[in-house]
Amino acid sequence: MDNANLVVVTGAGGFIGGNLISNLRTQGYKRIRAVDFKPLEEWYQRFDDVENLSLDLNLRENCAAVSKDAYEVYNLAANMGGMGFIERNKALCMLSVLINTHMLQAAVKYGVKRFFYSSSACVYNATKQKAFEAPSLKEADAYPALAEDGYGWEKLFSERMCRHFREDFGLYTRVARFHNVYGPWGTWYGGREKAPAAICRKVIEAKLSGKHEIDIWGPGNQTRSFMFIDDCIKGIHLIMNSEVLEPINLGSNEAVTINHLVDIVEEIAGIKLVRRYDLSAPKGVNGRNSDNTLIKKYLNWEPATTLRVGLEKTYRWIYDQYVARERGAAGVIRESAAAR
Ligand code: NAD
């Protein structure tokens, strides 16, 4: 694609959208339209050389307005968060179907050349995730469907919509199923943060307060894999430019228990904490890992950043944010992003 073509990124004020725009800029893309319904001053990263629009994409007319003249669309906007958020906000998560429906319709109407949709490992059948020994989920395991209630069902429906818009209307759609993404510029407090960021924050809190205890959601032996943001961004580009028509896993296959995740963060922080397990907290499925057979076969690549390396960078970033926030520099994330 020509760098002068217009690229639209929705969910641009969030974690992955902000990192994607940062990356597109360094690749030399000259026309980027960034869209998010948060007020501009709340975006995690904001770049002044980009067209930044604060619009609610639940509304059809806004989806039409942002898609006009677009060559490529990366549709990342969604109401989402960690388990604590998606288990308690099922209706809100399902309402993201408005964004996806209107963005797909607008893409057809305005002749968008390529459309990327971010699905999730939450589409996978829950009965295949009962074992704690992290079953590797291959793409076919989404069916027969028994997705995560709310968020997962919406993702499954929207990825099928992408398929049918491709088959029926000829729209070029590519779909990745992200498995837990983490890294700098992600949500790390406020209730929508996911396990890696939440654990980094809790360990930092314990270290700085001298109260060497940590609350862990669930029994601690749930298994997950976590993908570092740089791998996610690289995977998005590879999948968007591939011939892979069906939804494909984009995740790390380095499965760890939540306890092991805590071990690594403690090691980085240089402390040991007393662990308290909150068995009444939302914990999600027991085990989940990404089967990377297909991505290796089609793209000759898979996410490879080790958890240790990715967490080191994430911990340092959250540490700086935490300290700045404690000093009263609220909004430090946004200010430093805009100044870059
Ligand atoms: P995020 O919450 O940081 O970003 C999503 C952004 O979408 C937010 O800034 C939010 O304000 C925006 N948004 C929500 N509703 C909107 C609306 N009506 N109009 C305009 N903007 C709206 O989340 P993220 O981690 O960057 O996730 C990006 C995408 O990747 C989402 O579709 C998410 O479901 C998917 N995903 C993420 C992960 C992960 O681990 N982060 C895992 C699986 C899938």
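Hi everyone, let's start inside helix α1, where Phe 15, Ile 16, Gly 17, Gly 18, Asn 19, Leu 20, Ile 21, Ser 22 and Leu 24 are buried. Buried here means under 20% relative accessible area, with a 1.4 Å probe and protein chains only. Helices are DSSP runs of H or I with at least four residues, strands are E runs of at least two, and both are numbered from the N terminus.

A word on the source: this is a predicted model, where local features need pLDDT of at least 70 and side-chain atom pairs count only at pLDDT 80 or more, while totals for chains, interfaces and linings use all residues. Residues are numbered from 1 along each chain as its sequence is written, and side-chain values use heavy atoms, leaving out hydrogens and water.

Back to α1. Nine of its 12 residues are buried, so by that definition the helix is mostly covered. Just after α1, Gly 28 takes a positive phi of about 95°.

A polar backbone atom of Leu 57 sits 2.8 Å from a ligand nitrogen, and one of Leu 76 is 3.0 Å from a ligand oxygen. For Val 181, a backbone N or O atom is 2.7 Å from an oxygen of the ligand.

Note on methods. A polar contact is a pair of N or O atoms within 3.5 Å; within protein, one must be able to donate a hydrogen and the other to accept it, and residues adjacent in sequence count only if both atoms are side-chain atoms. Buried means under 20% relative accessible area, exposed over 50%, partly exposed in between (1.4 Å probe, protein chains only).
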